[in-house]
Amino acid sequence: MNTKGRNDFRGISEAGKVIVMLHGAPPGIADTALRSQLESQQELGMRLGRALQLQPAAIVLLMTGGATEFYSQAAPELMRSVTASPGDRSTSDSERPLPMVVLGLARAGSPLLPDNWQTDDAPRALGKTFNGRIELRQDAFTGYNLVGVVRGTDPALNKSYVAFGAHYDHIGVQPGMSPDSIANGADDDGSGTVSLLALAGALKRNPPRRSVLFVWHTGEEKGLLGSAYYTNNPTVPIDSIVAMLYLDMVGRRGGATAKFDSQTEGASAANRLFVVGPAAAPNNQSRVLGAILDTVNARQLRPLEFHRVWDSPDHPERIYFRSDHFNYAQKGIPILFFTTGLHE
């Protein structure tokens, strides 16, 4: 039973069936907010959860309506996943916590759907047998973190470091997107990458008393892989890093949700910056660093307007857990994460 009082699984009485689900809003839903909710990633997770209770042999999720955009974003990630060494850790079929899950697009004439699925959303048995087989191809490759140091001028401080971080990878190619399938990542995180270059050049010309460590990470989009490796294999003693300031998506005026419209609200975001860390990091380890940030900002001729809506480990967007600063925080290092916001 879902939150709308409907039970599309009522005809399934035994385990081991293949469940085919349309992920989207049923026909006839006119309410825009309700349609958006039924097409959301959150609702997809809830649908999967309800289906798993029936112990199916496989789940086929076919995207329709507004959910097709999610498929176009997820497919390259799922088909080109990257895992850290030591390589294949796959489990046997008997040990898998989930059955086979297949994602696809709902299309007219699909053998996985009844003929009238576009007008009749009633659940029914297809009376067909589904056989699925997955072929994995694994290619080894090496990715690189890029590290630079601007040595501080004070002998008492220059063996410790304030670190600045960004990531230079993006998601690659999104087949079928028009007019360009290449996802260049200009904002995510080309903006942070070139910001670090500008900072490094400025500090090289005018070095501070404490040394500054710059780390351009790889593999952030694939699961924070580069920062996980670096924090476990640092080029300087990990306890000599006194803070990590991380820049991710700082190249445009954005908002706190994907509903932000830069065409109409851009001017209001001209001086806005989202900050995560002072409240989100555990054990108050970033609270003092946050107070320093506020003090320095208040002294500027044009102070930035800080927004802290994401500065919580419990926020649904989970921004605190989603970029490389997290792995530094896991080592007890105070962190600040800066972004100008999400894309509409």
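**The sheet and its helices**

Modeller: Of the 7 residues of β9, 6 are buried, so β9 is largely enclosed by the rest of the structure. Buried means under 20% relative accessible area, exposed over 50%, and partly exposed in between, with a 1.4 Å probe and protein chains only. Strands (E, at least two residues) and helices (H or I, at least four) are DSSP runs, numbered from the N terminus.

Colleague: What should I know about the model itself?

Modeller: This is a predicted model, where local features need pLDDT of at least 70 and side-chain atom pairs count only at pLDDT 80 or more, while totals for chains, interfaces and linings use all residues. Residues are numbered from 1 along each chain as its sequence is written, and side-chain values use heavy atoms, with hydrogens and water left out.

Colleague: In what order do the strands of the open sheet come?

Modeller: The order is β4-β8-β5-β9-β12-β10-β11, 7 strands with mixed pairing. Two strands pair if DSSP finds at least two bridges between them. β4 (146–150) and β11 (305–307) are the edges; each has a single partner strand, so one side of each lacks a neighbour in the sheet.

Colleague: Which way do β5 and β9 run, parallel or antiparallel?

Modeller: Parallel, with 5 bridges joining β5 (residues 161–167) to β9 (residues 241–247). A163 has M244 of β9 as its bridge partner, and F164 stands opposite L245.

Colleague: And what does L245 stand opposite in β12?

Modeller: L336. β9 and β12 are also paired in the parallel sense, over 4 bridges.

Colleague: Which strands does helix α4 touch?

Modeller: Helix α4 (residues 186–205) packs on the sheet and touches β4, β5, β8 (211–217) and β9, its direction making about 150° with that of β5. Contact means heavy atoms within 4.5 Å. Axes are lines fitted to C-alpha atoms, for helices over the stretch in contact, and angles run from 0 to 180 degrees between N-to-C directions.

Colleague: Which residues of α4 are buried?

Modeller: Among them are D187, D188, L196 and A200. The buried residues of α4 pack against β4, β5, β8 and β9.

Colleague: Changing topic: where does D314 lie?

Modeller: D314 is in the loop between β11 and α8 (325–329).

Colleague: Buried or exposed?

Modeller: D314 counts as exposed, because its relative accessibility is 69%. Its C-alpha atom is separated by 8.3 Å from that of A280, which is 34 residues apart from D314 along the chain.
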